[in-house]
Each structure stands twice: as C-alpha cells, then as structure tokens.
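This report looks at strand pairing and at aromatic ring contacts. Please keep the sequence and the 3D view open while reading.

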Amino acid sequence: MFRNPRRTALLLAAGAAAAGAGGLLDHRNYATAVSVSVSTPLRHLLSTASTGLPSRNPLLAPWQGGFPILNSFASASDAPIKARKKGSGGNSDDSRCGRGCLGRDSIANAAAAVGPAVVNISCMHEIHGWALEKSIGSGTIIDPDGTILTCAHVVADFQSTKAVLRGKVSVTLQDGREFEGHVLNADRHSDIAVVKIKSKTPLPAARLGSSCNIRPGEHVVALGCPLSLQKTVTAGIVSCVDRKSSDLGLGGIPREYLQTDCAINRGNSGGPLVNLDGEIIGVNVMKFWAADGLSFAVPIDSVVKIVEHFKRNGRVVRPWLGLKMLDLNPMVIAQLKERSSSFPDVRKGVLVPMVTPGCPAERAGFAPGDVVVEFDGKPVESIKEIIDIMGDKVGVPFEVLVKRANNVSVTLTVIPEEADTSR
C-alpha cells in the first residue's frame, strides 16, 4: 500500500495542514523541510507518535525514521515565524522587490519618502479689502531651495480672463514649521503653479519621476492635506494614462490627465501622485464630485515642461496652428478607407478634420481631410508629438508633409502664432 515512504510522509504532512502549526525535517536530507499546520488534538497525537506506537508500524515508519516530528509546535492560531515575516508580496524583505514591486510595506515606504516634502497651502481671497473665502490646498517641495509645486486655482484667481496671483500664501510643513510663500508663476490651462519659500534650515525635497511609461493598473499613492488634514495618504491604481480634457467636458487648449481611483477631496489639490518608488509622477488637480474613484492628475512630464516655460519666459508659451486634429490608428484608418476608397494609404499619422478660418494653418494651405505624417522632418502619429516638436517656438516656420486623397503628397510650411489663452 505504501510503496514510497517519503511520498507517504509528504501526503500525511499535507493532510495534517488543516489547522495549527508544526514542522517536519528529513534527517538524511536537511534541504527537505515541510511546514504544516496541526490542530491541538493532532499535535498531541503526532508528538507522541514516535514513542507511543510500535516503531515497526508500516504506517508510521516513514514518520519515525526519515521524517521525525519536531517537538516545537506553536499555537494553533499562530503562523510559522518565517511565514509571519513575509510581506503580502511573498517576500520576507521588501528590499528584494524590484522597481514597482508591491510588497507589504511598499505603499508605506513610498509615502514616507515623499511625505516630509508635502505642505499645506492656505490663503485668503480678498476683494476691496474684504476677506471672502479661504483657499486651501497642498503642494510639494521639489527643491531644497524652497521651490513648491501646487495647483494654480489654489494660489491664483481666474475670475477674469487674466490670472490674478494672490501674492503671499501661508505654507505649513508636516514638521509644523510655517512660512510665508510667494507665488512666482501660475498657468490657468494646465492648473499648475510655483510657490517659493525661504528657510534658514534645510528643507525636505521630493524626487521627480517620469509619467511616460506608466500603465493602467499600476499602484499609486496620493498625498496631501484634504480639509487641511495634514499627513493624509490614500492609495489606488492608475485607471487611465491619457484621459483627454475633451472627455471630461473641458474646453480650451487640449490636455491629458492621469486618471486614478485614489480618494481626493477639497484640499488635496496640488498634492503629489507618487509611484511605489517614492517618485512624483503627477500633481493632483481635481475629482468628479458626482462619482467616487474618479480623480485626475497632471502628468509630471507635462509639469516639468511647464516649469521650464516659467523659467524661460515667465509664462507658458503655446504655439497655435488653428487645426482640429485626430490621432489615427489601424482600426480608424480601416474604417475611413471603408467610407472612402480615396483615403490615403497611411499606416499612422494625424488627421485634420477641420481648419479654423484665418488661422496660420489655413494660410499655409492645410485643408480638411489632410493627414499629417511628418512634422519638421520627423514622423508623427499623435497630436502630442506635434505639440512636443513645436515646444514654445512661435513665429518659427515648420515644414509639414501631408497625405491627401488618392495618395497625393504635399509639403506645407506653417508658422505658428502664440495661442490666445483668454479664450
């Protein structure tokens, strides 16, 4: 019946693993160890098996010879010590995880890395000397010199077409220190602003990561001061990496957001969105009040470019072509070719469905139906790539290769103007 004693012993060990805790060890091969769980009655029975029963019993021979029972059973409700040390990711030490690995302490470690640099920002909104409303928000120190990233709507008024900076704001660190902050720049369309504080003692600063390789489903952490409650941490996942502003019913200049399901409330605006490596990958800007789990952040790669604009120009300079554009993919291209056999044979590019009358693009010769395949000599397949190529170059000519019906290729030269941000 028991032709393989060793296998029999393992089967018995597996059968015993229904409750409690204990261990088996092979004298002849110390590399073979089995941890089992044992109920209190079974624990007593197995502990006395080798002494209370005949040693030649064929059923118990494997246990008495090759796999003696260790007489160090723990409580039936306790897990083995080694198992208790393991994190949720199955590693006894989170440091063994690679980048982005979710271990038992991953979220706590990410929050601890950035937390000291997260600040609470508050200021009074005044009209003709009357204090009407207190604005609260969050921010992150990104440089030991006191440079803070936050949301523009926290530190500036946009009641009119022109932003009115609130000048001085109150900044409180998590260690209790308070500073008077000065608003250096604010951009209405991106909702990003920069505040500066001065300190005679060292300031904590958070590391900036990258948002270009983020994937839906990745774990993220949101930090901030909702309702002025400092040291608040929430966690979730990335729901979408390129949520269009048009999807949210927002007009103006097109932009993209990171969508997450992190809990965001009033006062979280301007706080950091952090990856598991403790790096900032976004700035939390808004949520949908009518729904739970719909929060949005400006990708950090976009934020970095905005800050560079602030440094060079004192504002964000946005070139304007006057084109309505649509990213193409193989499925959309196939559908367009079904509708019209004259649609150009392209594998990628950017479709131009509409041209604004009197705009730089119309003057350059663009027409509805054009497909942009190259911009400034570089192949393009998305609107974002075109925007990145233009950067802040206003009044600079760009050569654009477009494909038209029946595969007609045309090279156009367009000179962008600066966008009217009051629209």
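Two strands pair if DSSP finds at least two bridges between them. Strands (E, at least two residues) and helices (H or I, at least four) are DSSP runs, numbered from the N terminus. The model is predicted: local features need pLDDT of at least 70, side-chain atom pairs count only at pLDDT 80 or more, and totals for chains, interfaces and linings use all residues. Residues are numbered from 1 along each chain as its sequence is written, and side-chain values use heavy atoms, with hydrogens and water left out.

**Strand β14**

Start with β14 (residues 256–260). Strand β13 (residues 232–244) runs antiparallel to β14, and four bridges join the two. V238 has T260 of β14 as its bridge partner. Strand β17 (residues 295–299) is also antiparallel to β14, joined by three bridges. Here L258 stands opposite A297 of β17.

Is β14 enclosed or open? Four of its five residues are buried, so β14 is largely enclosed by the rest of the structure. Buried means under 20% relative accessible area, exposed over 50%, and partly exposed in between (1.4 Å probe, protein chains only).

**Aromatic pairs**

Rings of Phe, Tyr and Trp (its six-membered ring) pair if their centres lie within 6.5 Å; planes under 30 degrees apart count as stacked, over 60 as edge-to-face and the rest as tilted. The count is two aromatic pairs. One of them is F375 with F398, tilted, at 5.4 Å centre to centre and 35° between the planes. F375 sits in β21 and F398 in β23, so the pair ties together parts 23 residues apart in sequence.
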